[in-house]
Amino acid sequence: MKKLIHITRALLPLALTVTGFAQGGATAQQERPSSKGAVIKGKAPVSKDVLKVTLPKPFETKLSNGLQVIVLESHKLPTFAARLVVLKGGLSDDDKMIGVADYSASLLREGTTTRNSKQIAEAVDGLGASLGADSGLTSTTTTVNASGLVENYDKIMALFADVILHPTFPADELASLKQRNIGALGFQRSDAGFLGGEKMAQVLYGKHPGGRYSMSADQINAITTEALKAFHAAAFKPNNAIFAIVGDVKPADVVAKLEKTFAEWKAGAAAPMTIPPVAAVPATKVYLVDRPGSVQTNLMLGVPTIERNDPDYSALEMMNQVVGGGASARLFLNLREDKGYTYGAYSSSSSGKVRGMFQATAEVKTEVTKKAMDEFMFELKRIRTDLTPADEFDRARRTIVGGWARQLEFPTSLLSNLVTSKLYGFSADYWDTYPAKIAAVTPADVQRVAQKYLTLDKLAIVAVGDAEKIKADLAAFGTVEATDADGKPLGEKSNVAPGLTGFWSLMLESPQGALPIKIEFKEAAGNVAGSLDTPFGKFPITSGSLAGEDVKFKAKIEVQGNALELSAAGKLENGVAMKGEISSEMTGAMKFTGKKEK
């Protein structure tokens with residue numbers, strides 16, 4: 001087979017163009033806009049001839065077991081990057097047990113029928129390689145990635161195949177992962193960015209699986225080894241997967257070795273991914289998540305947009321770049337450079353198999369929340385009503401195409417492009433013509449998609465901040481629905497007595513003698529949460545409740561490699577003392593007494 005054109009040589013015209021883009025950006029930064037409407041002067045539009053590029057074409061085939069194979073030669077370095085894409089992900093999880101695909105991916109390299117987690121990690125490190133897997137709550141695929149030196153190709157691919165074909169999802173590794181993730185829940189609910197993102201997903205997707213953002217402690221605890229094995233058995237079929245590789249390899253060698261590596265992997269029936277339609281978005285409303293005492297407000301404004309293969313994709317990319325795609329875009333120049341309300345204001349546009357969203361965001365000082373919202377609304381209206389001036393438009397186009405050209409230097413980006421083409425059925429020249437597609441977008445196209453998708457009567461406005469200080473200001477932009485960090489409407493009475501939350505010092509009568517422990521009780525969704533601090537380590541409280549003065553909670557701990565679930569039942573005394581019993585299968589019942597720390 002003829003040697004394919006070297007990637008960097010094929011991209012030479014674009015490399016020259018990128019230099020022009022960078023210079024255009026530097027020139028643009030020298031002139032700042034006035035408060036509203038002024039534009040930045042840049043260079044003249046780039047010739048469309050300069051934007052033409054011919055990328056190396058991959059070799060494609062199928063193995064005898066039905067596995068699709070894509071090979072792209074790149075002999076610049078003696079390395080390779082490989083990816084297996086299984087055409088099923090978290091979006092297919094049943095509502096009764098979400099997270100199965102995500103946990104399956106996380107645990108793939110934590111144990112096989114012939115290697116434990118430590119042995120896999122040592123083998124990967126010893127080869128100077130990388131090996132990992134990924135899915136997600138809203139993903140339509142599960143991916144396994146490997147990379148390293150070509151001289152170690154056979155050994156790396158043996159590990160790669162082992163975790164794909166023979167994972168055991170060890171119970172102890174699953175328990176450890178659950179413990180870590182449950183322990184992180186409290187931190188998540190204290191992070192303004194997380195709270196805002198979660199609320200935006202709930203608003204724009206409702207009960208659709210595309211709106212899944214995180215898991216609760218109960219959902220995490222529901223995951224079982226049996227469920228992970230069942231997902232793997234049903235989804236991991238060679239005829240339901242794509243293998244792509246980029247690097248210093250030859251297609252004939254790759255195919256011959258894959259036939260041997262995956263010889264035992266047999267084709268089978270795999271249920272196709274079904275994606276339900278997303279419900280319509282409600283009328284404009286402000287969703288306020290209260291963080292008492294916060295000195296800033298996290299603002300997020302979002303609207304639903306398109307799927308990845310929509311014809312409007314390129315025009316939306318350009319619209320996003322003009323509005324908030326970087327430090328030279330309108331939101332940044334307005335809210336930061338001109339007004340000084342924030343360290344940065346940006347927008348983003350996402351799309352996939354499920355309808356995506358356009359979102360504009362900034363973290364602003366509490367006292368300028370309303371002024372910042374005024375500027376957000378000004379920019380969203382302006383992109384709808386006014387054609388983008390030619391010099392500003394050209395600068396946005398330079399930024400997009402220049403960034404695309406630069407990312408082609410990375411094997412993982414090339415892999416992603418190959419897989420994207422296959423997943424969405426793009427034409428063979430899709431990436432060759434990508435710069436030309438961007439160049440073909442006009443200011444009129446941008447205005448058209450802005451008017452079509454930036455429907456300001458269906459705008460979801462999410463604000464995370466001190467409700468007492470900003471609620472009245474936000475009411476100017478729509479009806480305000482205010483909740484606490486756990487989603488409870490403000491003013492709703494908690495199920496947790498105020499005297500329970502805080503730190504407690506307890507003494508436990510264990511079989512080995514008196515054992516001091518400390519407990520922090522928090523409130524989560526109106527119930528008990530927190531952590532248990534013992535001489536053996538700090539562990540999360542996984543569930544709990546309070547009825548009158550009766551308190552109950554459970555915690556999972558690990559002692560010398562043994563995972564234990566502790567169940568506690570006790571009574572509060574005047575909100576400052578507590579006594580009761582803690583029990584487990586190993587220890588039986590143990591009494592405790594203690595006091596609340598001041």
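Me: How many of the 13 residues of helix 5 are buried?

Reply: Buried means under 20% relative accessible area, while exposed means over 50% and partly exposed lies in between (1.4 Å probe, protein chains only). In helix 5, ten of the 13 residues are buried, so the rest of the structure largely encloses this helix. Among them are Tyr153, Phe160, Asp162 and Leu165. This is a predicted model, in which local features need pLDDT of at least 70 and side-chain atom pairs count only at pLDDT 80 or more, while totals for chains, interfaces and linings use all residues. Residues are numbered from 1 along each chain as its sequence is written, and side-chain values use heavy atoms, with hydrogens and water left out.

Me: What span does helix 5 have from its first C-alpha to its last?

Reply: Helices (H or I, at least four residues) and strands (E, at least two) are DSSP runs, numbered from the N terminus. The expected span of a helix is 1.5 Å times one less than its number of residues. Helix 5 reaches 18 Å, close to the 18 Å expected. The protein as a whole has 18 helices and 20 strands, and 50% of its 598 residues are buried.

Me: Is Phe169 buried or exposed?

Reply: Phe169 has a relative accessibility of 1%, so it counts as buried.

Me: Which residues is Ile438 in contact with, leaving aside its neighbours within four places in sequence?

Reply: Contact means heavy atoms within 4.5 Å. Ile438 belongs to helix 16 (residues 434-440), and it is in contact with Ser314, Glu317, Met318, Arg397, Ile400 and Val401. Met318 is 120 residues away along the chain, but its C-alpha atom is 7.4 Å from that of Ile438. Ile438 is buried because its relative accessible area is 0%. Across the protein, 72% of the contacts with a separation of 6 or more join residues 24 or more positions apart.

Me: Which residues lie nearest the centre of the second largest pocket?

Reply: On a 1 Å grid over the protein atoms alone, a cavity is a set of points where a 1.4 Å probe fits but cannot get out, and a pocket is an open set with protein on both sides within 12 Å along at least five of seven lines; lining residues have an atom within 4 Å of a point. Thr140, Ser351, Gly352, Lys353 and Tyr424 lie nearest the centre of the second largest pocket, out of 27 lining residues. Strand 3 (79-86) and helix 15 (411-424) are the elements that each give two or more residues to this lining. Helix 15 gives the most, with six.

Me: What lines the second largest cavity?

Reply: The lining of the second largest cavity includes Gln321, Ser328, Arg330 and Glu392. Helix 11 (313-324) and helix 14 (390-407) each give two or more residues to it, and helix 14 has the largest share, with four. The lining divides into three nonpolar, three polar and three charged residues. Here Ala, Val, Leu, Ile, Met, Phe, Trp, Tyr, Cys and Pro count as nonpolar, Asp, Glu, Lys and Arg as charged, and the others, Gly among them, as polar.
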